[in-house]
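Have the model open while you read.

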Amino acid sequence: MGKWILIPDSFKGTMSSEEICAVMAAALRRHLPEADIVSVPVADGGEGSVDAFLTALGGRREEVPCTGPDGRPITAFYGRLPDGTAVVEMAAAAGLPLMEGHLCAEGATTYGVGELLRAAVHAGAKRVILGLGGSATNDGGCGCAAALGIRFLDRDGVPFVPVGGTLDRLDRIDASGLDPAVRAADITVMCDIDNPLCGPNGASAVFGPQKGAGPEMVARLDGNLGHLADIIRRDLGMEIRDLPGSGAAGGMGGGMVAFLGGRLQMGIETVLDTVGFDAMVQGASGVLTGEGRIDGQSLRGKVVVGVARRAAAAGVPVIAVVGDVAPGAAAAYEQGVTAIFSTNRQAVPWEQAKHTAKEDLAAVMEDLSRLLAAMGQR
């Protein structure tokens, strides 16, 4: 039955996108043994993004000694794809697990992320995909920028590396020392949220608490990021305070635009462009995608709808296999989704369903594959 493209998101807390691809492929091969199956695990920018890209496209991991979010030396990594593109997930050098439970939103740094970027471009990468997600930081990307040659000066003209709690000391930004190789690189920033830098929906208010910030600290961090935005506007001529996505990863979304000329892009769009989905989908019999829960929020750039829009343009049907179907999901049909199947066959709460997620997915794929095989025989 021709070619089938498998391109699911992970089911958060239950299965990775690679595991889902494997379950889907196994069922299809049992009932459609002649099918050409192409698996494309989806990365959302957070932990596991490098491995997802390497699984889909090939390439290799490169390990780099760098600075962890708490200042200790660590060994992190980035991915190098066959075409030379580097994939960096900031979580590898500034992720929450690296804090080992000692969360400190005011003191954590993204300096190590800059060291990863520098290593990648000096190894020859002309294009970098930087995934934002899972950060322990709230420094607006200043640590990363400092590692790449941008100087941050206090009121006495003394350079320092700002963290979330010291951004209020910032008086001037000197971007003249930015590493020329980084300046010349094409940097795509994977960002799946549209939060602004500051305010009630900003980086500090929404994501600060998961990084150890109480109400008083959130207020300080928010004010400090606002101060950073003012200095960036004055010294770099860019307005990032209300830029959608600037609040991602403790303000790193905005920082990467202002400091490195990065381009914010929804994660699924980055994946689809990088794997050459528009060419891949031509002539396909169908596309299988999915995510843990499909609802009205799924229309805001999530994987299922992002895939469906591209596939629909090529006239290829899209089947979404999801953990849960919630209110608003029907709107996905208007975006190109052909059919939606839930793995939650007994309609139980997620806390119960997560324990049998893989078996439930396999059961749904068994039924779906039988149906597709029967239809192909007619």
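In which strand is Cys 66 found? Cys 66 belongs to β3, which covers residues 60–67. Before going further, some ground rules: this is a predicted model, where local features need pLDDT of at least 70 and side-chain atom pairs count only at pLDDT 80 or more, while totals for chains, interfaces and linings use all residues. Residues are numbered from 1 along each chain as its sequence is written, and side-chain values use heavy atoms, with hydrogens and water left out. Helices (H or I, at least four residues) and strands (E, at least two) are DSSP runs, numbered from the N terminus.

**The chain as a whole**

The protein chain has 14 helices and 15 strands. Its C-alpha atoms fill a box of roughly 80 × 45 × 35 Å along the principal axes. Of the 378 residues, 54% are buried (buried is under 20% relative accessible area, exposed over 50%, partly exposed in between, with a 1.4 Å probe and protein chains only). Take the contacts (heavy atoms within 4.5 Å) with a separation of 6 or more: 70% of them join residues 24 or more positions apart.

**Cysteines**

Back to Cys 66. Its neighbours, leaving aside residues up to four places away in sequence, are Arg 72, Pro 73, Ile 74, Ala 76, Ala 93, Gly 112 and Glu 115. One of these, Ala 76, sits ten residues from Cys 66 in sequence, with 6.6 Å between the two C-alpha atoms.

How many disulfides does a search of the whole structure find? It finds zero, a disulfide being a pair of cysteine sulfur atoms within 2.5 Å. Cys 142 is in no disulfide, and its nearest cysteine sulfur, in Cys 144, is 9.8 Å away.

| Residue | Relative accessibility | Class |
|---|---|---|
| Cys 66 | 6% | buried |
| Cys 142 | 0% | buried |
| Cys 191 | 4% | buried |

**Two residues with positive phi**

Glu 100 isn't a glycine, yet it has a positive phi of about 50°. You'll find Glu 100 in the loop between α3 (91–94) and α4 (111–122). Is Glu 100 buried or exposed? Its relative accessibility is 55%, so Glu 100 counts as exposed.

Ala 249 is another non-glycine with a positive phi, about 55°. This one is in helix α9, residues 248–260. Ala 249 counts as buried because its relative accessibility is 11%.

**α8 against α9**

Helix α8 (residues 215–236) and α9 have axes that come within 11 Å and cross at roughly 5°. That angle makes α8 roughly parallel to α9, since angles under 35 degrees count as roughly parallel, over 145 as roughly antiparallel, 65 to 115 as roughly perpendicular and the rest as oblique. Axes here are lines fitted to C-alpha atoms, for helices over the stretch in contact, and angles run from 0 to 180 degrees between N-to-C directions.

From α8, Leu 225, Leu 228, Ile 232 and Leu 236 meet Gly 250, Ala 258 and Phe 259 of α9. The residues of this contact divide into six nonpolar, one polar and no charged (Ala, Val, Leu, Ile, Met, Phe, Trp, Tyr, Cys and Pro count as nonpolar, Asp, Glu, Lys and Arg as charged, and the others, Gly among them, as polar).
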